[in-house]
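Keep the sequence and the 3D view side by side as you read.

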Amino acid sequence: MAGLVKRGKTWHLRMRIPKRFAEVEPRKEAHRSLETDSLRRAQELLPAIKAGIIAELEDRLTVRQGGGEVLAAQAAARVAMARGFTYRPVSDIARGPLGDLLARVEAVEPQDGVEVAQALLGGVEAPTVLLSDLVDEVERFATHENRFKNENQMRLWRNPRKRAVANLIAALGGDRDVREVDHAAALQHKVWWTKRINAEGQSIETANKDFANMAGMLRRFYESIGQPNPPEPYRKVFIKDRHKQDERKLEIPVEWIVEKWFAPGALDSLNAEARDILLISIETGCRQSEIYDLPASAFVLDHAIPHLSIKLEEGDERREVKNPAAVRLVPLVGVALAAARRNPNGFPRYRGKSSYSAAVNKTLRSHGLLPTDRHTVGGVRHTWESRMVQHKLRNEKRGAMMGHSIKRVISREVYGDDLSLKKKLKIAQMIALPVPDHLQ
């Protein structure tokens, strides 16, 4: 295999250094011991080791050439990590243990360029990033994590973070360097929100989401530049209402579904796609977006057990699911199966958007088709689980049907096989509602 040489009993990597790295690497070739005498294992290790060498050279080039304070700081952190160290500013190293300083100096090899010394000895300047630029910086850092999100999901990811930053800037009376956001600044943010809540009746939940989003973005920012022991200015910053009771979406009573929604012509006020999304949600317990966002390929109707395939989607149809537990096969029965057959390619009117819930709730409410003003169509998911409870299904089975983490549901490790599609079908058939002729 090209790039492998054997010295004694040990396999080594040998690769030519691309010319574009001549500025930071004068050697023509790189050599690395793969620390194995097995050819098969050496062949397995080779691609990753090669990629690691190229990645470090890219980072060294970024440190040497600059290209922006944040990028240089991130690259320096990775170079230091590749050499077994955490990047620390030179002032921190000078104040730290002498042994750490000596180890860093000794790790700089004679053939290394100045950029390696900068990375190991803290010579890269700390980046200046304004709060107004923080969301963009964090988004770049989270590119891999967000790779499955479609445009709408990215909008829903981005907007609350932009709101949190804008509110913090308002609370502080102007923009400032991210590194200046300390605990006092976070408390100013809290005071600002408390005044709005008292004066305008703003939501405590919205305020706490602001604090959580700021905490998350600051954590990612400091992680991206490899700062050790990063500050946590939003630690224990939240607003609590000791009089507030926990709330959950109200269930839509089964009797209401059968008598009101299944009545002939009852759902004619909805467009055809909205009606069928609602019918599928009634007999699957899926989250609304798990239905209307699905690509055509997720509607598996020619299978022995017709079902929805909910999973991470890539390419032009990319879509992120809520969590790993949400990846599942969902059998289609009753009104859900009939609705899916009417829409074998999914729901293009709502795919990639967030308009379904508000539109359907408004229409149903205006036609007296919701039990109270507090009920929403999201309540059918809770109804579906209650129907399983009434049939005495165990918690872990209900969790598997709902797309919940079974480990979290039962508070221990999970053993045995996943609930099969065939077993899921039996459960869905057990609790299925009768299908009126006009909804067949």
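Which residues does L278 touch, not counting residues up to four places away in sequence?

## About the model

This is a predicted model, in which local features need pLDDT of at least 70 and side-chain atom pairs count only at pLDDT 80 or more, while totals for chains, interfaces and linings use all residues. Residues are numbered from 1 along each chain as its sequence is written, and side-chain values use heavy atoms, with hydrogens and water left out.

## Around L278

To take up that question, L278 touches W261, L267, L270, Y356, L364 and V377, where contact means heavy atoms within 4.5 Å.

L278 also belongs with W261, F262, I280, I282 and L364 as the residues touching the most other members of the largest nonpolar core, which has 41 residues. Such a core is a set of buried Ala, Val, Leu, Ile, Met, Phe, Trp, Tyr and Cys residues joined through side-chain atoms within 4.5 Å; buried means under 20% relative accessible area (1.4 Å probe, protein chains only). The largest share, 6 residues, comes from α11. A second, separate core has 33 residues, including L134 and V165.

## The sheet and its helix

Now to the sheet: 3 strands form an open, antiparallel sheet in the order β1-β2-β3. Strands here are DSSP runs (E, at least two residues), as are helices (H or I, at least four), numbered from the N terminus; two strands pair if DSSP finds at least two bridges between them. Because β1 (4–7) and β3 (29–33) are at the edges with a single partner strand each, one side of each has no neighbour in the sheet.

Strand β2 (residues 10–16) pairs with β3 over 5 bridges, and H12 has S33 in β3 as its bridge partner. Helix α1 (residues 39–65) packs on the sheet and touches β1, β2 and β3.

Conventions
Axes are lines fitted to C-alpha atoms, for helices over the stretch in contact, and angles run from 0 to 180 degrees between N-to-C directions. Buried means under 20% relative accessible area, exposed over 50%, partly exposed in between (1.4 Å probe, protein chains only).
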